[in-house]
Amino acid sequence: MMWAIYRIHYGTDFIIQSVNSIINYVDKIFIFYSEEPWVKTNKINYKSKVIEFPKNPDNVKKFLLKNFQSNKIIIKKYECNSPLNQYGDLYTIVANENKDKPKFVLFMEPDMIFGKNQLQILKLELTLKFWLKNITTRQIEIWKFNLDNVDNFRIPLRKRRAGPVLWHINRSKKIQTEFSGCSSDKKKNFSSFVKILNMGFSFNKETMLYKHLLAVVFSDVIGDSKVDEMWYDNKWLGWDLDTINLDISEGNQKKIKKAYKFKIPQKYNVYLK
């Protein structure tokens, strides 16, 4: 038996496609939504001005209840103040509520899309690699996807950026995760065969601005790399074919040199149409 667990606070643009890419290969899907961000603030110092922090443009609860009617899908509210071990906590919640436990659990984000049959391949790979507790995938990060576009774009592969994480429950005494679904011991075991699409650079304009402002606030709280405040305006909203240095972190913009044309393979396109 296999479960999938999602967490979502914003960004409903691709969650239907994401769920459709895995629903035939799992027994249950738990979608946990939060109405509050990890870090709350009423105002933010942004571009040398103090502004009101915007309201989440997505009514996530309403969207989920309207679009997911399958008996396989369970929707729950969950608020927290840190992403650290969030997936581990969410698994503990559903495991305590269900008598029958799965052999595998998949930790997913709402902007991640598997190719057709790719989750089955990932499951087989983890099964055969008996020494691993979990396995993750690398990501094909699509830049500003639009279904009507003749051309699509992606950014270069970021080799240490983990995608969905599949855990083998029988090999794990307790699941402890970092900010993502990877193990808290910082070890990332990447699949040799499977990559997924990440659509996180392709949200609508309002959601992308909200995501950007959350990153500004959150980076200050956790002491992460300072966010380039002009990224949304100059690099994303104002992007064209000549735009370079796309990384959001101030001082590290060159880590993503530029976006380039990319033909999305059919195994992913079946879910995007």
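## Strands side by side

Arginine 7 stands opposite phenylalanine 32 in S2. The helices and strands named here are DSSP runs numbered from the N terminus, with at least four residues (H or I) for a helix and at least two (E) for a strand. Before going further, keep in mind that this is a predicted model, where local features need pLDDT of at least 70 and side-chain atom pairs count only at pLDDT 80 or more, while totals for chains, interfaces and linings use all residues. Residues are numbered from 1 along each chain as its sequence is written, and side-chain values use heavy atoms, with hydrogens and water left out.

Back to that pair of residues. Strand S1 (residues 2–8) and S2 pair in the parallel sense, over six bridges; strands count as paired if DSSP finds at least two bridges between them. To get from S1 to S2, the chain goes through helix H1 (residues 15–20), and this β-α-β crossover is right-handed. That label means that, with the strands pointing away from you, the path from the first strand over the helix to the second runs clockwise.

S2 also has another partner: S2 and strand S5 (residues 73–77) pair in the parallel sense over five bridges. There, isoleucine 29 stands opposite isoleucine 73 in S5. Is S2 itself buried or exposed? Five of the six residues of S2 (residues 28–33) are buried, so this strand is largely enclosed by the rest of the structure. Buried means under 20% relative accessible area, exposed means over 50%, and partly exposed is in between (1.4 Å probe, protein chains only).

Now for a hairpin. Strands S3 (residues 43–46) and S4 (residues 49–52) run antiparallel and are joined by four bridges. S3 has two faces: Ile44 and Tyr46 are on the covered one, Lys43 and Asn45 on the uncovered one.

Most residues other than glycine have a negative phi.

| Residue | Phi | Where |
|---|---|---|
| Lysine 47 | near 55° | hairpin of S3 and S4, with two residues between the strands |
| Asparagine 85 | about 55° | loop between S5 and helix H3 (86–97) |

Are the two asparagines buried or exposed? Asparagine 85 is buried, with a relative accessible area of 13%, and asparagine 245 is buried too, with 15%.

## Looking inside

Which residues have the most contacts inside the largest nonpolar core? They are Ile29, Ile31 and Trp143, in a core of 66 residues. The largest share of this core, seven residues, comes from helix H5 (residues 205–222). Apart from this core lies another one, of 20 residues, including Ile5, Phe30, Tyr78 and Ile175. A nonpolar core is a set of buried Ala, Val, Leu, Ile, Met, Phe, Trp, Tyr and Cys residues joined through side-chain atoms within 4.5 Å.

Let's zoom in on some single residues. Not counting residues up to four places away in sequence, isoleucine 31 touches several others, among them Tyr6, Ile8, Val19, Phe68 and Ile75. Contact means heavy atoms within 4.5 Å.

Valine 165 lies in strand S10 (residues 165–168). With 0% relative accessibility, valine 165 counts as buried. Leaving aside neighbours within four places in sequence, its contacts include Val105, Phe107, Ile135 and Cys182. Its C-alpha atom is 10 Å from that of lysine 133, a residue 32 places away along the chain.

Glutamine 17 sits in helix H1 and counts as buried at 17% relative accessibility. Beyond its neighbours within four places in sequence, glutamine 17 is in contact with Ile113, Tyr271 and Leu272.

## Stepping back

The protein chain has seven helices and twelve strands in total. Buried residues make up 52% of its 273 residues. Its C-alpha trace spans about 55 × 40 × 40 Å along the principal axes. Among contacts between residues at least 6 apart in sequence, 74% join residues at least 24 apart.
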